[in-house]
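Work through the exercises below with the model open. Try each task before reading its solution.

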Amino acid sequence: MTAYLIKNVSVVGAAPTDLLIRDGVVAETGAGLTAPDATVVDATGLVALPGLVDLHTHLREPGREDAETVETGSRAAALGGYTAVCAMANTSPVADTAGVVEQVWRLGREAGLVDVQPIGAVTVGLAGEHLAELGAMADSAARVRIFSDDGHCVADPKLMRRALEYVKAFDGIIAQHAEEPRLTEGAQMHEGEVSTRLGLTGWPAVAEEAIIARDVLLAEHVGSRLHVCHVSTAGSVEVLRQAKARGVRVTAEVTPHHLLLTDARAETYDPVFKVNPPLRTETDIAALRAALADGVIDIIATDHAPHAVEDKECEWAYARPGMLGLETALSIAIDVFGGDWDLIAERMSRTPARIAGLDGHGVDPAPGVPANLTLVDPAARRVVEPAELASRSRNTPYARMTLPGRIVATFLRGEPTVLDGKAVK
Ligand SMILES: NC(=O)N[C@@H](CC(=O)O)C(=O)O
């Protein structure tokens with residue numbers, strides 16, 4: 001195993017120091033380190049963060065390998081500064097059995113670019129009728145702890161209660177895609193002024209808020225852990241704030257795109273901006289940013305949702321919802337929160353690792369800890385070119401935008417997955 005000596009790096013914004021990485025761990029830190037056998041990385045001006053952890057990634061394998069594979073998605077993740085991702089269950093076949101989650105887990109190990117932690121489906125085939133084999137998935141080699149029907153809401157309250165009860169035995173989590181389906185029939189975008197003007201069917205904020213309100217009550221009743229996927233409205237933030245104040249075991253995520261983009265993007269009729277839940281308003285964005293800063297929202301998760309060209313470059317109504325996220329998430333976080341590196345490390349690495357129970361991830365570089373870290377150049381700016389992305393898909397909403405920050409290197413257990421801004425394999 002090669003040793004790496006990272007010179008003059010600012011660890012989570014602190015004064016520059018050196019990091020010696022050897023045998024998969026941070027062996028030493030301090031100014032003026034030497035190690036004749038190590039490869040030297042000049043990190044002057046760079047910030048080291050604990051490797052980013054994404055709780056919400058769609059990798060599309062098995063089933064839609066034309067849109068993404070575990071390997072291409074893992075490479076996109078590493079290039080985005082991630083060392084671990086949780087793979088959503090809405091594949092084909094659905095990840096609702098031990099066999100499928102073990103397949104995804106094994107493919108992740110073979111790719112070897114990030115740790116891929118499969119999420120299991122809550123219900124068989126995401127159909128919302130019968131509980132999937134939660135116990136078998138938990139006991140499998142993939143050791144699943146998070147279950148989600150993401151893409152679909154577990155709308156039946158009795159089934160949601162059962163799922164929460166079931167996972168309590170092993171301190172598992174139900175991650176809910178909060179969308180009351182009766183309120184979003186035929187919905188194409190956020191219900192508001194813009195949808196009225198464009199004549200597109202609206203997805204009202206209350207469809208999200210009503211499910212979150214119900215689910216925090218269920219989680220409180222059962223005493224189980226609930227995670228709310230892609231929170232998108234100011235009203236949802238208030239429901240979460242009240243639940244957390246009461247001590248409900250609920251955590252929540254927000255995506256980079258819901259922190260930056262509004263429903264006005266729909267005026268272009270470019271389906272790259274079609275996403276579930278939809279882009280909302282400036283008021284929502286302000287509430288989401290404030291909630292992320294004060295901790296009512298725990299983490300940033302990408303909801304990286306790659307789609308093949310034919311599923312995106314068509315009429316708005318026929319396009320699938322979803323946008324890429326892994327390779328741009330940190331840049332958006334820097335754009336929104338500037339150089340608040342501690343907040344970024346907390347919301348994109350430490351807390352998601354803790355929620356998902358990913359040992360060895362989300363720990364700041366210090367002697368003895370696994371060398372899962374990423375080096376960022378905060379002064380760099382880059383133009384997002386869809387053709388240059390490592391993802392197999394091209395549906396980034398940031399095409400040709402200039403974004404701050406560049407990932408220079410990523411290390412997974414002491415081995416570089418990215419060096420000089422390029423994937424190592
Ligand atoms: N977030 C999205 O817009 N799309 C997700 C699933 C979903 O949540 O609808 C996908 O799998 O494409």
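Helices here are DSSP runs of H or I with at least four residues, and strands are runs of E with at least two. The model is predicted.

**Exercise 1. Count the helices and strands in the chain, then judge how compact the chain is.**

Step 1: The chain holds 12 helices and 19 strands.

Step 2: The C-alpha trace spans about 65 × 45 × 45 Å along its principal axes.

**Exercise 2. Find what share of the chain is buried, and what share of its contacts join residues at least 24 apart.**

Step 1: Of the 425 residues, 57% are buried.

Step 2: Take contacts between residues at least 6 apart in sequence. Of these, 74% join residues at least 24 apart.

**Exercise 3. Describe how helix 4 packs against helix 6.**

Step 1: Locate them. Helix 4 covers residues 157–168, and helix 6 covers residues 205–222.

Step 2: Their axes lie 10 Å apart, at an angle of about 40 degrees. Angles under 35 degrees would count as roughly parallel, and 65 to 115 as roughly perpendicular. Helix 4 is therefore oblique to helix 6.

Step 3: The crossing of helix 4 and helix 6 is right-handed.

Step 4: List the contact. Helix 4 supplies Pro157, Met160, Arg161, Leu164, Glu165 and Lys168. Helix 6 supplies Arg214, Asp215, Leu218, Ala219 and Val222.

Step 5: Sort by class. The contact of helix 4 with helix 6 has six nonpolar residues, five charged and no polar ones.

Key
Residues numbered from 1 in each chain as written. Predicted model: local features only at pLDDT ≥ 70, side-chain atom pairs only at ≥ 80, totals over all residues. Axes fitted to C-alpha atoms, helices over the stretch in contact; angles between N-to-C directions. Parallel < 35°, antiparallel > 145°, perpendicular 65-115°, else oblique. Left-handed = near helix turned anticlockwise from the far one by under 90°. Contact = placed C-beta atoms within 7 Å. Nonpolar A, V, L, I, M, F, W, Y, C, P; charged D, E, K, R; others polar. Rg over C-alpha atoms; globule rule 2.2 N^0.38 Å. Buried ≥ 20, exposed ≤ 12 C-beta atoms within 10 Å, placed from the backbone.
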